[in-house]
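Colleague: I've got a model open here and I'm new to this. Can we walk through it together?

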Amino acid sequence: MVRKMRITEHVHAIKIPFKIQIAPGRTMDRFVYVYAIVGDKVMLLDTGVSGSAEKIFEYLKTIGKNPKDIKMVLLSHSHPDHIGSLATIKKETGCVVAAHSGEKDWIEDVALQCRMRPVPGFNSFVEGSVKVDRLIQDMERIEVEKGITLTAIYTPGHSDGSLSFYFEQEKILFCGDAVLLPGQMPVYENIKDSIASVKKLNKINDPFFILSSWDDPRGKDVAAGLLGASIDYLTNIDQAVQSCTQTMGIADPMRLCETVLQKLGLPDTMANPLTARSFVGADKMSKK
């Protein structure tokens, strides 16, 4: 069931559920948030999986907007649950597509991404390749319209070109998948970068809301401790992976994955190629 909510005067959240295949005959329930920053115009943060465009358009109509009001899609990164319905949204609205240069190739050539960063069911999640119109740099200011401006924050780790965004006027931090919370499935490209990125976000002065892609919106009452908890969790994962790798090597990535999860007290349902790829390292997995 798609869930929608208004967070602040200008920010709306659209929660989109989907399933991901983690092994033959086994699926995991997931969800991803798409955020709409709404004034006279509309900016979307990410687009959800394939088929999400209709749900996004339907919600915009309930608040008096239509698809043609979407002037820009700002992408936190290029993973399939974030770019899945981008092709339809671009076709229907003619909007500007903006992302970090580190994600450009994966967005413009999804077949390349599927080969190089395989995800089970990739082609069912992504509608097609889309040209990136604007490259966003660290600390660049993106104006939706007067009074609505986001600051881009380069936060690699989950992926090489991940971006977070701070909406200072309403004290909202959009962190994409950069902030991995305790108990969440570890998926990342570089854990050292992930830790450094969350520490970078933790320096932001007093965000009132933290809006993640993989977590329900968090207000000030709980937001203050989330970034510190993420740093601790990522650090524990890194230490567990290093410890297990030293004793058993990486010859059997799935066995390593299972061992690390057990050491961390995480459920064995998280033992899948995505998690193993994170623990072993994408470059090493490609040589297996």
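Colleague: Which residue in β12 does I172 stand opposite?

Modeller: Quick background: this is a predicted model, where local features need pLDDT of at least 70, side-chain atom pairs count only at pLDDT 80 or more, and totals for chains, interfaces and linings use all residues. Residues are numbered from 1 along each chain as its sequence is written, and side-chain values use heavy atoms, with hydrogens and water left out. Strands are DSSP runs of E, at least two residues, and helices are runs of H or I, at least four, numbered from the N terminus. Four bridges join β11 (residues 172–176) to the parallel β12, and there the residue opposite I172 is F209.

Colleague: Which are the edge strands?

Modeller: Strands pair if DSSP finds at least two bridges between them. The open sheet runs β8-β9-β10-β11-β12, with mixed pairing. Two strands pair on one side only: β8 (141–145) and β12 (209–212).

Colleague: What caps the N-terminal end of α7?

Modeller: Look for a side-chain oxygen 3.0 Å from the backbone nitrogen of K192. The residue it belongs to is N190.

Key. A polar contact is a pair of N or O atoms within 3.5 Å; within protein, one must be able to donate a hydrogen and the other to accept it, and residues adjacent in sequence count only if both atoms are side-chain atoms.
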